[in-house]
Structures are given as C-alpha cells and as structure tokens.
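Biologist: I would like to learn how to read a few features of a structure. Could we go through them one by one?

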Amino acid sequence: MFLGLYNYWIVVLLMMIGFYIVIAHGNLVKKLVGLTIFQTSVFIFYITVGMVERGSAPIIAEGISDYSNPLPHVLILTAIVVGIATTALGLALVIRIKEAYGCVEEDEIQKQDQLSEDES
Amino acid sequence: MLTGIYGLLSACFFVVLDAVDVAFTEASVGAGISGLLMLAAITITGRKEAPKRHKPFLALFVVLVTGSMLIYGTLDMPYFGDPEAPVHQHVAPRYIHDSMEEVGVPNIVTSVLGSYRAFDTLGEVAVIFTAGIGVLSLLSLPRRRKKIKSEEATEEQMHERHMVVRIVSKALIPFILLFALYVQFHGDFGPGGGFQAGVIFAAAIILYTMLFGLDTAKKVFNPALIQLLAAVGLLLYACVGVVSMLNGANFLDYNVLADDPVSGQHIGILLIELGVGITVASVMLSIFFNFDGRRQAQAEIQAEKQQSEQEQKLKGEQDVSRTL
Amino acid sequence: MLAAATIAILVVMLLAIIRCIVGPTLYDRILAFNMFGTKSILLISVLGFLMGRPEFLDIALVYALINFISVIGVLRYSDSAEFKVAPYKPHSTKEGEE
Amino acid sequence: MLAHLPILQVVVPLIAAPLCWFLNRSKLVWIFALIVCAVTCVNSILLLIEVMKSGTIIYELGGWEAPWGIEYRIDKLNAFLLLIISTIGTVVLFAANTSIQKELDEDRHTLFYSLYLLSLTGMFGIVATGDAFNVFVFLEISSLSAYALIGLGRDRRALWAAYQYLIMGTIGATFILIGIGMLYQMTGTLNMSDLATRLVDVGHTRTVFVAFAFLIVGICLKLALFPLHLWLPNAYAYAPSIVTAFLAATATKVAVYLLIRFTFTVFGISFSFTSLPLQSILMVLGLVGVFAASITAIYQQNVKHILAYSSIAQVGYMIIGYSINTSTGVMATLLHLFNHALMKGGLFLALGAVMYRIGSVQLKQFQGLGREMPLTMSAIVIGGLSLIGVPLTVGFVSKWYLLVASVEAGMWPVAVLILLGSLLAIVYIWRIVEMAYFKPPLPGREAVKEAPWTFLVPIWILVFANIYFGIDTRLSVQVAQAASQSLFGINP
Amino acid sequence: MNLVIEIISGLSLLIGCFLCLSGGVGMLRFPDFYTRMHAVSVTDTLGACLVLFGLMLQSPNGLVLIKLILILLCTLFINPSASHALAKAALRNGLLPLEGKPDNQGGNKPSKL
C-alpha cells in the first residue's frame, strides 16, 4: 500500500531539507538557497498530484487520449515565477545588508544591531 | 556553497518526467536565471560562511514536526498517478476535452494559463513587476562618474582572455534570441510561452553582458528603456482585459476581441503572452544589471583601496612577497 | 535500446553529481556541472523518444543554451577576487620545498 | 460600468502602478496615486452599498464560470474589508509626499508610489477573490511590495527587518501553498465555494486535516500571531513612517480576513472547530499574545516599537474574538479590524509627523513635545485612549462587544483577562503621554514646529473617525453584524 | 532498409553511451583536474554526438530532425568552448597540473576517489 505514496515522501524529505536550511543556517544566502529548495519541492508536489499513469504531456495531439492534468502545471508556472521574484528580491536585500553591515551572517548582524541598540 | 545552486538542477529533473511546460520553465529559471543571480550575489557577499552554528536542535525539532505532519497527511492521499483521483475527475476534464473547441489552442497548459486562469497570470506578471521595482528601489545606483582607466583595462583583458568563448557566443547570441522568439510564438502549439521566452531572451543578453562588460551592454540596452518596457508589458496585459471590458464582456474575456470567439481567444492569448514576455525579459535584465552594477561599484571601491594599500606595501615588502 | 541508453546516462549523471560534491576545486565542480548539463540534454532527448513525445526536444535545446550560459557565468564571476583566494595547488608547495 | 465594480477595485491600482513610471515628477506621481486611491475608495463604497442592497456579487473573470475560471465573490465581509483598506490607503497616502521628502532619496519616490499601489493591489486581490490559488498570487504581490517598502527605510536595520520578514513571509506563503495543494488534491477544485461543498465528503481524511493545519500556520505567520510575531516589530519600527502606517493598519487585517475566510467559508464552522482543538489553541495564543506583547511594549524605548508590540497585542484581541466562535465574537473581531485600522493608522501617521520634525521616534526625544506639537500630540493621546478602550472612542466599542461575546459564551475568565490586558495598555500609553506632557523639552534640542498640514489633515481625519465611530456606532456595527451573521448563516 | 537504420541507430546509441560512461568513470577516477577535464570533454562531445545521431535516425518527422540537428550543433559549439574557457580560467587562477610520477600522488591527495 505504501508503494503508491513513495513519491510524496520523497517530496516531503526534500521539503524538510529545504526548510531545515532556511531556519537553521546562519548564512543569509544559504537561507535563500534553502527557501528555493523548499519552494521547488512544493512545486514537485503539485506536479506529482497532476500526474496520471500512462498520461502524456498535455498538448493535444492525434492518437493520444490520456493527458496528465494541466491545471497543476499552470499553477506551478505561476508559482515558479513567484519563487524567482522572491529570490531576486531576497538577494537584493542580502546585497544591501552586506554593504550596510559588512557581513552576511545572522549572528553577526544581530550582534551589531544589539550594539547600536545599546548606544541609542 | 556553489553546489547548493546545482541542487536546483536535479530538482529540474523530477519535473522533466511529468510536465513539459513546467520543465521548460524550471530549466530556464532554476538552472539559468536564479543560478546566475545567486552567483552575482555571492560574488558580492563572499563565499565564506561561518563554520558553526550553535543550536540546531530547535530547528531540527520544528522540521521534524512539520515533516511528520506532512507524512501523516500523505497517508490518505490518492496514489501517485492514479487516474481515479479527484484531481482528475472534477475540473481538469473540461480543460482537456473542451479547450480545443473553446480556446482553439493545442497546448492545454497555454490555454488554461492564458484564458481560463488568465487572471492568475496577470497576478504573476504583477509579481515579477513588483520584484523588478523592488530590486530597483533597493539597488539602483545614482548616475555614476566616468569609470577609472584601470578598470577598463582589466575589462579589456577579460575579453582577450575569453577570446574563444567570445567568438562562439557572438555566433550563438542571435541564435538564442531567435530561439526565444520561436518559444514565444510557438507556445500555443508546443511547450513554451511568454514567460519562458522572456527568460531565454534575458539570458542571451546576460551572456552578452558577461562577456562584453556591463557598460557596453548598457550602451546597447538602455536601462531606462528596459524599465519602461517592463511597465509596457504589464500595461499591455492589463489593457487587453480593459479592452474586452469596454467591448461589453467581463475582464479578460477574449471572445469579444474578434468576430469569432476562437479567433478572439487567439488574439487575446497572443497579446497577453507578448506582454508576459516583454515584462519578464526586461525585469530579469534590469535585476541582473542592478546586481552587476553593484558588484562593479564594489569592485571599484575595493580596487581603489587595494591600490593604495599595495602602494604602501610595495615599498617595504617587495622581496618578501617574491619568495612567497 | 533507448531504455538502456537512459540508464547509462543516469549512471553517468550520478557520477557527475558525486564529482560535483567531492570535487576538491571549484573547477572540478564546474566541470562536473557542465557534464551534468550535457548529460541532461541527452537524457531529455532520449526520454522524449522513449515516451513518444518528441516535443521534449525544445527543453533539451533550452538546456543546452542555459548550460552554456551558466558555465560562462560561473567562469566570469570566478575571476573576481573572492574566488581567487587560496586556489587549490596540488604541487606547488611540494615542489617549492624541493 | 456598475457591473464591473469588483474587478475595477483591483485593476485600477494595478494599471496605475506601471503608469507611475511615465510621470517622472515626484509631486505629480503623488497626485496621481492619490487620485487612484480615491477612486478605489469610492469604488469600494459603491460596492458596499451594492452588496448591502442586493447581496453577494459574483464576477467571472474572463467569462469562464466558477470552478474552471477564477471568480470574484464579493459578500459583506469582503466589501467591508475593501472599504477599510482603501480608506486607510487613501488617507495615509495623503501625507506621503511630505513624509518621504525627508525619509527617502529623490530618485526613489516614483518607485515608492509604484510599490505602494502594488501593495494595495495585492491586498484588494486577496480580499476580493474567490479562488484559493489566486489568494496566493496576490498575497505574494502584496508581500513582495511590502518587503521592498520596508527595505526602503533609511536605517540599516530596516534591511535586516525586511529580510527577516521576507524569510518568514515566504515560509508562510509556502505553507499556504502546501495547504492549497493538498486541498486541491483531495477535491480537484480551487474555487472557494466549490471547495466548501466538496470538502464535506472528504472532510474526515487526514490529508484535509493536515492541509487545514498548514493553512492556519501559514496564515498565522502572516498574521504575526504571538509565537510567530518575531518579524513584525522591527519591520514596523524601521520602515519609512508612511509604510508603517499603511502596513500596520492593513496588512495584518488582510491576514485576519484570510483566516476567517478559510475557516468559516471554505472549511465550514463544524470542521474547523471540531477537528482540531483550534478554539482553545487560538484562544490561549491570543491571550498569551496580548499579555506578552503588552508587557514587552512597556519596556521599549522606541515609540514605534511600543506601537508595533501593541499591534501584536491587538491581533491577539482579534484572535480571541474569532476563537469564541459565536456570531457576536466574530462581529467583535470585525469591528476591531476596522477600529484598529483607524487607531493605528492615526497613531503611526502622527509618529510620522514627529519623525518628520525631529528625525527620530525614541521615547526620550518626546520630552516636552506636548507643548511644541500640540495637535500631533493630542492626536496621539486620543489614539492611545482608543487603544486602551476608553468610552467614546472606537476602542471601547470593539472591546465592549468582545466582552459581551465572551460573557455570552460563558467565558468569564476570558473577559477578565481582556480587561486586565487593557490595563497594560494604559501603562505603555501613559509612558508616551508622560514624556510628551510632563517633562521639559530635551535640553539642547532646537524648538520644534507643529507638523505641516499635509500631516495634520489625515491624522485628524483618522482621529475624528476614531471619535465619531465611537459615538455613532450604527454604521460600523451594522455592517460588521451583517457580515458575521452571513458567515454563520443567520439571516437577519 | 529499415532494419539497417535500426541497427545503425542502435549501434551509435550504444557506442555513445559507452563513451559517456567511460567519460563519467574517467571524471571520477582521474587524479587531477586537467586529466579529468580531458576525459570528460573528449568523450562527452563524441558521445553526445553519437547519441543524438542515433536519435536522428529514429526521428519521425522533419521538425524533430531539425531540432536534433540544432542540439547537435549546439553541443558541438558549446562543449569544446566551455571546456576551453574552463581550462584557461583554471590555469590562470593558479591551478597547476599534476606532474611527475604516479607515486607522487599519495602525498598530494588530489582527490578522495
């Protein structure tokens, strides 16, 4: 019975790897990498959902009657775009942080913030 | 560190097995653009990372809880690839069976994207546009002074070094641009569409930028014009909707764009895909330009600093450095 | 035949990933990455034939181009100062001692 | 044109955002954006009237009927929310031109207005849509623009705050995406009302249960509910003042709306409140949030921080009202949405005015401001009173209904705790008042003039609204009541 | 005729795959970057060509054939130039080839494999 679900488990594994990187890593760029992995695994989840056995790519052609579900593909196209937009914005923020703080480590930034907080 | 980016590549792979259009996008985005952007960012922020991290237990705990929740949730899911799953029973069949008559585009993904759920796509373009503006507002530099001579010399050197690559790319770039156009307009029949085309287009120009330097590229592709184009793309998309509204139908209803609904749908999808392509290409480019601009600006500052440092060093430690 | 080809290519890709992770220098990684890209082009084309839907070829083409661009990208940025720090020199130290 | 009202609400600012590019002068763009906001405001008023008169409006985008295409479904709840957002958006924007002169570089002004409009678009989109995935897309529009807007702040800590917000927000959005994906997997549809009918059959499955949990957690991240609030204080404190005023008054409200929408409309009351101990969990979290945030607020040195923590506390109140799970409770929540938007909009705008004159909002700097900026400071005092819940202000109305609801539901301890929480609010508001009125001006500081009229007008509009809706409660109570009753399926 | 084409295509696929495999093994087993590069770039190009050629013979219609030819051209163009650029960049940034006798290898630890 579990054979039918293995796909989902792989997706969950990937998701959790990404998620772990996001929350556990101190490097800001790495956090974004983790975020990308996290999102990508969600995309894979959607596509898995849309998959039909013996189905074919959803482009209508002669002689093919089974197509996989096009709706998840559409959603994921949109979500990919959203993902890259987030990544780009995040990277831009990281660049600015690097310029402002001189580093991209979470702890270091918090230390510096604490210092400036104490001064004021 | 870099391997993290390549992880995306393998992610692409899962996708390839299922969905053509998504694979297409993921190939151009995951492997191409986002990798390049990350690279550009990493060059600025540096590759080093702090070696240790003290309290991963909490994180691990959160992750484990979330993971087990998800696993728990999967237990009742329909099996992988099961054609009886509700997903394939309820909404999707109409797309598969009727989209050919209703929209007249063989690529179902395109017809759903462009017509049935066109508003999502409009939102997607708006997201990209927002990201473009956001990056611009964070990173755009005031007009810079003329470049230092030495920097230009190194750029020049760079070209010489990459002679072979440069010539090959020169031959390739027009081809890539052409291919992007093919993807743009072939999206109705095969995998592809505005978004992918925009990314490929942008990638070609990014290649150009990398080989010939940012300033040359900025001369060819004026950044202000690119920003304007991003706005134009979004406007084009929205205006298609407004036009159909003026014609008495609902927003983004293409049926009224021509006498016959199907050709109306064709016109509508073509136009919005064009809008998507324009916006995506120009936003990606302007993001990249901004990243690269920052990098260059930083490199210049560093070069100046190094120069002054080196001059001081050279006096005293010349012979020492030689033995090293 | 096609299936055999697919398996062979998958194996090679696995090897490439191993090299990508192990690879002591940046350049080894890039090399492995490049190879991975080429293999994925092949894999996509072969898969397209295997599944009877050669539309996949477009993706292969995109992949070829993107792969090239990213390799060039890595190289271009590897010229910057960050990457020059402590290059891996297999022999220099030893020979210097000699 | 009347039939197109729902879509115009979203599309007008969306089209206006790129148009800002073409007007390159800061002032011109400001006027343009202001006009656009005013249009959306009028639009939302018309919508509300229309909805109150003739019931739910359904608008099919692209002419495709519901489960296949995307539809906009405006009922009383959305119309109410749309009105809140568009009004606050307009009023706050009024002060923008003056404020950002001081706080932003010249070449960022156009971008600022573009982002502002996009953020507005995103919020309208979230509220108006009847499609689950569409929610995600518009959520991302509004949050991406919010990240960028916060990152515009002058202080370098703004960048860090924006980054934290980005990470947390994206995790939240991805959780929501997972939830939507699972729902889709189990039902095969994305339309909310269609989901509601089809979920009945599969409501018992573990997948739907997990999907529900993920949606709730994701939304609570956006909502800044107590343990997930860490991104909020810094984001509010270091963003440009206008942005703070706008986001504080609207962003969390939209998240609360989403929570209500998903639990009541999509999953249905019986599922939402029986499958998980949701009621008690949220109730406890809300109460803890009220106390923890209020106590933290007392120890802050930065006035923006004080108000940000107070925002978290107010979110706690909304969640309490929501988790009482009666018609009155939800009505109290909706009222508090409205009232809190008024109070926080006014308060943060007033802080913007202080920022404009002094360039800092440290508590120390407030010394003696009561005499130097009497109008601004009295606005802060009235807003603060409203925050506490003094009679004759809006704060009282919503707290009153909250108490009534908890008593009706037989939760006496909750009522007592709510009152205690209000007492804490007195403490932190008193600190500001004390500084402003009972301390001599800080030595060495130049005399400060009253804020310019572009600030005073919107501040006092909001303050008057605070008082007006505190006295004449008919309008807001009526709408909130109608909305909450329609959620519970009671026909008035 | 058909059979001949089948056989040729199968053969070229087979040889191509073998080349790819040997390239992969070479990349893993060779001691330093330059030899690995040699192993990969040489076999890769030819292997890819052969596989694509084999596919070409099976292509059902003209468009597919053209696309395959395009991919082939791309690989032919891109692979060598990318390798070239890579080698040059590596050399410039101070990565030296591993010279001398094999017994030298142990001390240097160029790779774990």
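This is a predicted model: local features need pLDDT of at least 70, side-chain atom pairs count only at pLDDT 80 or more; totals for chains, interfaces and linings use all residues.

Biologist: What does the UniProt annotation say about residues 63–82 of chain E?

Modeller: The unreviewed UniProt entry marks them as "transmembrane region", along with residues 6–27 and 39–57 of chain E. In the model, residues 39–57 of chain E are 100% helix and 0% strand, with 27 Å between the end C-alpha atoms.

Biologist: How are two packed helices described?

Modeller: One gives the angle between their axes and the distance between the axes. Take helix α18 (residues 394–408) and helix α19 (residues 412–438), both of chain D. Their axes come within 7 Å and cross at roughly 160°. Because angles over 145 degrees count as roughly antiparallel, α18(D) is roughly antiparallel to α19(D). The crossing is left-handed.

Biologist: Which residues of α18(D) and α19(D) meet?

Modeller: From α18(D), they are Lys399(D), Leu402(D), Leu403(D), Ser406(D) and Val407(D). Their partners in α19(D) are Trp412(D), Val414(D), Ala415(D), Ile418(D) and Ser422(D). Sorted by class, this contact has seven nonpolar, two polar and one charged residues.

Biologist: Now domains. Into which domains is chain B divided?

Modeller: Domain 1 of chain B covers 1–43, and domain 2 covers 105–141 + 156–300. Their contact takes 13 residues from domain 1 and 16 residues from domain 2. On the side of domain 1 that touches domain 2, eight residues are nonpolar, four polar and one charged.

Terms used:
Residues are numbered from 1 along each chain as its sequence is written. Chains are lettered from A and ligands numbered from 1 in the order in which they are written. Domain bounds come from an automatic or database domain assignment. Two residues are in contact if their C-beta atoms, placed from the backbone, lie within 7 Å. Ala, Val, Leu, Ile, Met, Phe, Trp, Tyr, Cys and Pro count as nonpolar, Asp, Glu, Lys and Arg as charged, and the others, Gly among them, as polar. Axes are lines fitted to C-alpha atoms, for helices over the stretch in contact, and angles run from 0 to 180 degrees between N-to-C directions. Helices (H or I, at least four residues) and strands (E, at least two) are DSSP runs, numbered from the N terminus. Angles under 35 degrees count as roughly parallel, over 145 as roughly antiparallel, 65 to 115 as roughly perpendicular and the rest as oblique. A crossing is left-handed if the near helix is turned anticlockwise from the far one by less than a right angle, and right-handed if clockwise. UniProt positions are given in the numbering used here, feature names are shortened, and annotations may be inferred rather than shown by experiment.
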